[in-house]
Amino acid sequence: MVSPAIALAFLPLLLTLIIRYRYFFVLLYRAVLIRWVRDCLTGLSREERAFQYILTHATPGDVQSILDTFDHWCSKVEFISNIGPKKGHKHTHTLTHLSSSCEHCPITVLELGTHCGYSTVRIARSLPIGARIYSVEMDEGNARVAEKIIRLAGFDEDMVELIVRPSDEVIPRLREDFGVERLDLVFMDHWKRCYLPDLQLLEGSGLLGEGSIILADNVIFPGAPNFLRHARSSGLYEVRVHRATLEYIRGIRDGMAELTFLGIK
Amino acid sequence: VSRRRASEKRSTEMGNKRAEKKHDKHHKTTRKEGEKDRKRPRRRNADEEEAEEESSKEKKNIKNERTKTVKLEDEKEKDVKKKRKNSESESHSESNSDAESKDNQAVGVLGSLTPEELEQLKEAVDERKKLITTLKGKPWPMKKKLVILRESQEFVEKYEGALGKGKGRKLYAYKVLMMKKWMKFQRDLENFKTACIPWEMKIKEIESHFGSSVASYFIFLRWMYGINMILFGLTFGLVMVPEALMGKPYGSMPRKTVPRVEEASAMNFAVLWDFGGYAKYSVLFYGYYNNQRAIGWLKFRMPLSYFLVGVGTVAYSYMVVIRTMARNANEEGGGDDTSFNFSWKTFTSWDYLIGNPETADNKFASITTSFKEAIVEEQESRKDDNIHLTRFLRVLANFLVLCCLAGSGYLIYFVVRRSQKFALEGLENYGWWERNEVNMVMSLLGMFCPMLFDVISTLENYHPRIALQWQLGRIFALFLGNLYTFIIALMDAIQLKRAEEEIVKKNMTIWQANLYNGTVPDNSTALPITVHPADVPRGPCWETMVGQEFVRLIISDTMTTYITLLIGDFLRAVLVRFLNNCWCWDLEYGFPSYSEFDVSGNVLGLIFNQGMIWMGAFYAPCLPALNLLRLHVSMYLQCWAVMCCNVPQERVFKASGSSNFYMAMLLVILFLSTLPAIYTIVSIPPSFDCGPFSGKNRMFDVIQETLETDFPAWFSKVFSYASNPGLVLSFLLLLVLAIYYLQSTSKTYKRVNMELKKKLQTQNEENKRKNKLAALKAANELEQAKKAGEQCSNSASDLGESTQNVSQLP
């Protein structure tokens with residue numbers, strides 16, 4: 001039998017691990033444990049709970065109020081991995097830059113991974129008139145919630161088109177089914193594993209033009225190393241990684257990659 | 001500076017002359033060109049080597065380079081002037097060339113030159129040589145430098161051998177040849193010396209990737225290895241080998257034989273790490289040695305040698321550590337050299353003679369790291385935060401660390417007490433866990449507590465270098481506590497063994513009496529009975545026990561280090577690297593990531609390891625050998641591990657390799673580890689039946705014995721007079737006074753140095769100010785002159801116009 005003294009000697013190790021990785025434990029607690037308990041208690045999914053909260057707390061039609069309520073719910077009540085206000089600001093900045101650089105042309109945005117529609121609302125808010133967002137979501141439940149939230153924020157089907165299909169099916173058919181000629185901005189926030197194949201599909205489809213921007217969230221944590229490696233080594237993009245922390249949780253480093261398509265020469 | 005300027009001027013003047021002369025000789029050289037062409041490629045190689053050597057010399061006095069960069073502008077001006085002069089001289093020589101060519105035809109070969117011309121030629125050659133040495137400091141583009149270097153070296157090659165006359169000329173040529181050979185030999189020797197520094201390339205490679213703080217650990221490790229080499233040489237050459245060769249062989253005496261009880265397990269595999277069985281009864285431990293005064297045909301004084309080697313190793317270590325400290329203190333030299341840090345780094349970092357792309361990469365990496373270090377330092381020095389919060393956090397952190405230390409101390413105390421209880425009840429009744437509890441707990445605490453300290457120290461927000469020192473101090477306290485708890489436990493064990501020894505001594509007489517009574521008739525004059533030495537009862541021999549404990553501790557410590565390395569670094573790196581392809585988050589950047597090299601932990605591990613060696617080496621002569629082995633393996637293993645599985649620290653910073661901090665710690669540990677050793681030697685009588693001092697009252701009696709028997713009577717008399725307390729005390733007083741005097745003088749020198757430095761600086765600034773003023777004045781004058789000139793030209797143009805008008809008039 002192991003003596004208690006030897007077991008006690010492991011106490012410093014335990015303490016070290018707990019202190020060093022405390023943010024990860026907090027994340028585990030908030031994202032997994034609380035969700036599980038609430039799921040059992042309410043019988044609703046997390047996204048539906050978020051929608052209920054927004055419905056009761058936010059002003060319909062007021063985009064800012066909806067976004068604020070969403071942020072509040074995510075940071076104080078439960079955790080949903082949205083893009084968050086800080087990285088969203090960066091987002092807005094890129095968009096305004098895009099629309100200012102190209103005054104007349106209609107901007108087309110492809111969003112992979114709508115989830116609850118938070119980022120869709122954020123993008124739609126800062127788009128000029130005549131722009132169009134194609135938002136791809138695989139999960140039907142999430143898509144239902146996202147649609148409600150988008151409508152609640154006051155964006156109609158001309159502006160935001162929700163596509164409920166896996167991204168790898170959608171991308172090759174964008175040109176035929178939806179008549180897209182060129183994508184100005186692609187925002188990736190779906191499964192991290194799908195970043196690389198989807199990027200390759202986009203390259204193959206010929207929808208990316210010179211100056212198209214691809215924003216990929218969470219490239220450091222949870223991380224998409226293959227995606228970054230490909231983007232850096234292919235020579236097709238100018239890659240910048242904006243360092244930040246994970247949304248709604250301090251102390252976990254994360255980054256958003258900004259890829260500018262240089263065009264095939 | 002002024003001298004330098006003068007020399008520059010002179011050199012430029014000489015350069016001009018040389019240019020002229022070169023043209024003069026041009027015609028003569030063309031004739032010999034054909035012959036020399038064959039030799040040229042080889043010579044070029046030699047040239048390049050020479051150039052390399054020159055620049056390496058240059059590198060050594062980097063400080064000069066600072067002045068050189070300051071002088072950049074001066075030299076540029078001169079360069080321009082020189083070019084002008086050159087062109088002038090060229091045109092001049094061209095106009096003269098016809099006449100000269102006639103002359104040359106008349107002269108024919110070099111040998112028949114007039115003495116004046118020879119003199120000139122000699123001067124030109126000297127000039128070229130000088131140019132080659134000062135080439136690196138010249139502010140010219142690289143291409144021009146290379147061209148000039150090659151040209152002037154060819155020139156020197158050609159004419160150097162041809163100088164002198166008749167017989168003297170041959171001698172001169174021979175001399176030059178020999179000089180060249182000698183230079184080449186010296187260069188090769190220098191290269192060889194650098195190649196002989198062990199692990200230099202490895203350490204440089206690590207430095208280029210991980211910065212100087214990690215490299216400083218490896219340099220320290222290498223230094224330690226050197227010291228252990230000497231210790232090993234002493235113990236191996238003067239104690240172990242003589243005993244093995246000339247001492248009584250194994251099995252001749254009870255102390256040199258495995259006792260009957262242990263015989264069954266003496267060859268077990270566990271002997272390899274337990275050092276029981278045959279290993280215990282060998283030259284590796286104190287107990288094996290015999291108290292015979294002189295052994296072998298050499299009459300080697302074994303006990304004396306044993307004692308002197310024990311004292312000598314410690315004395316040598318003290319000497320080395322203190323000497324290194326003194327040398328480092330000299331290097332530090334006071335005053336701040338940090339001004340113009342960045343321009344310094346920008347202009348003087350690159351080594352232009354790197355030819356190997358890999359080395360260039362390394363150099364690039366190392367320069368980048370050094371820039372990062374400098375920038376981080378600058379940032380750290382400019383930051384200012386909420387001072388109260390910082391103070392509170394620092395106090396809190398120290399409180400937490402103290403709690404931690406107290407906890408670990410108590411745990412070890414508890415474990416040691418428990419182990420004593422186990423020992424009293426007999427270890428055979430307990431399992432492996434209970435028997436190795438003390439070692440395990442000590443290793444685990446030594447491994448995990450530093451991690452906790454590291455986490456706590458992020459609270460304090462110190463500059464990484466200061467944080468490293470705090471971390472070192474804390475781990476030092478932890479290790480020291482652990483070590484001294486261990487020693488106290490060992491002292492208790494010694495007391496137990498000594499009590500046992502008393503009993504054995506009594507039993508011994510009874511056993512002997514029984515032996516004689518039982519088997520031998522009273523009137524016997526026959527041979528004494530022979531008992532096999534393994535059957536003779538013997539004392540517990542506490543010295544061997546102490547040595548064995550230390551050996552075991554060293555081995556368990558080494559094992560822990562290596563296993564931690566393999567699991568914590570290597571296995572982790574492998575997992576991170578290969579699981580990353582199929583994991584749901586980025587392992588390399590995110591949660592486990594690769595480990596960083598733990599400088600403080602490794603340094604302290606090394607220092608304490610050395611402390612244990614110093615403590616235990618007297619009772620186990622094999623310890624330095626074991627340590628040497630350990631350090632050797634460590635060097636390779638850690639070099640490999642650091643390059644293979646660690647990532648550079650996030651905050652790279654600079655730690656000077658010759659830092660006295662490590663040395664001071666080593667000195668403290670040396671002192672603390674000699675204390676218990678000296679205590680045991682002085683106050684505990686040696687065992688009666690084992691070791692070189694058996695039968696004596698105290699171990700140091702061996703000195704007295706030697707004095708009485710091996711030296712003439714007058715010597716011992718003199719010695720006894722000299723060891724008179726009155727004499728010794730006054731001598732000590734003298735020593736203290738001398739130390740005080742030397743210290744105060746050195747302090748004064750330091751102060752004077754500092755003042756001199758300050759003076760120089762102020763003078764420099766004064767000069768700068770003056771120069772600025774002068775430049776301003778000159779600029780003003782220039783402005784005025786320009787204005788005046790413009791006015792003049794205006795008036796002139798007016799005049800011209802008027803004349804035009806005048807001319808147009810008619």
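This briefing covers a predicted model with a chain A and a chain B. Chain A and chain B bury about 2,300 Å² between them. One disulfide is found over all chains, and it lies in chain B.

Residues are numbered from 1 along each chain as its sequence is written, and chains are lettered from A in the order in which they are written. Local features need pLDDT of at least 70, side-chain atom pairs count only at pLDDT 80 or more, and totals for chains, interfaces and linings use all residues, while side-chain values use heavy atoms, with hydrogens and water left out.

**Interface between chain A and chain B**

- Contact (heavy atoms within 4.5 Å) links 27 residues of chain A with 26 residues of chain B.
- Buried area is the accessible area (1.4 Å probe) that two parts lose on being put together, summed over both. Carbon and sulfur atoms give 69% of the area buried here.
- On the chain A side, A:Ala5, A:Ile6 and A:Ala9 lose the most area to chain B. Together they account for 19% of what that side buries.
- There is one salt bridge between the chains, a term for a side-chain nitrogen of Lys or Arg within 4 Å of a carboxyl oxygen of Asp or Glu. A:Arg20 pairs with B:Asp454, and the closest N and O atoms are 3.6 Å apart.
- Four elements of chain A each give two or more residues to the side that touches chain B: helix 1 (4-9), helix 2 (11-20), helix 11 (219-223) and helix 12 (225-234). Helix 2 gives the most, with six residues.
- Helices (H or I, at least four residues) and strands (E, at least two) are DSSP runs, numbered from the N terminus.

**Chain A fold**

- Chain A holds twelve helices and seven strands.
- Of its 265 residues, 51% are buried. Buried means under 20% relative accessible area, exposed over 50%, and partly exposed in between (1.4 Å probe, protein chains only).
- Among contacts in chain A with a separation of 6 or more, 72% come from residues 24 or more positions apart.

**A:Phe187**

- A:Phe187 sits in strand 4 (residues 183-188) of chain A.
- A:Phe187 counts as buried because its relative accessibility is 0%.
- A:Phe187 and A:Glu111 are 76 residues apart in sequence, yet their C-alpha atoms are 4.8 Å apart.

**Cysteines of chain B**

- B:Cys541 and B:Cys690 form a disulfide, S to S 1.9 Å. The term covers a pair of cysteine sulfur atoms within 2.5 Å.
- The torsion about this S-S bond is about 95°, so the disulfide is right-handed.
- The bond links distant parts of the chain, 149 residues apart. B:Cys541 lies in the loop between helix 18 (464-519) and helix 19 (542-579). B:Cys690 lies in the loop between helix 22 (660-683) and helix 23 (701-710).
- Both B:Cys541 and B:Cys690 are buried.
- B:Cys622 is buried too, at a relative accessible area of 3%. B:Cys639 is buried at 4%.

**Annotated region of chain B**

- UniProt, in an unreviewed entry, places a "coiled-coil region" at residues 746-773 of chain B. Its positions are given in the numbering used here, feature names are shortened, and annotations may be inferred rather than shown by experiment.
- In the model, residues 746-773 are 100% helix and 0% strand. The end C-alpha atoms of this span lie 41 Å apart.
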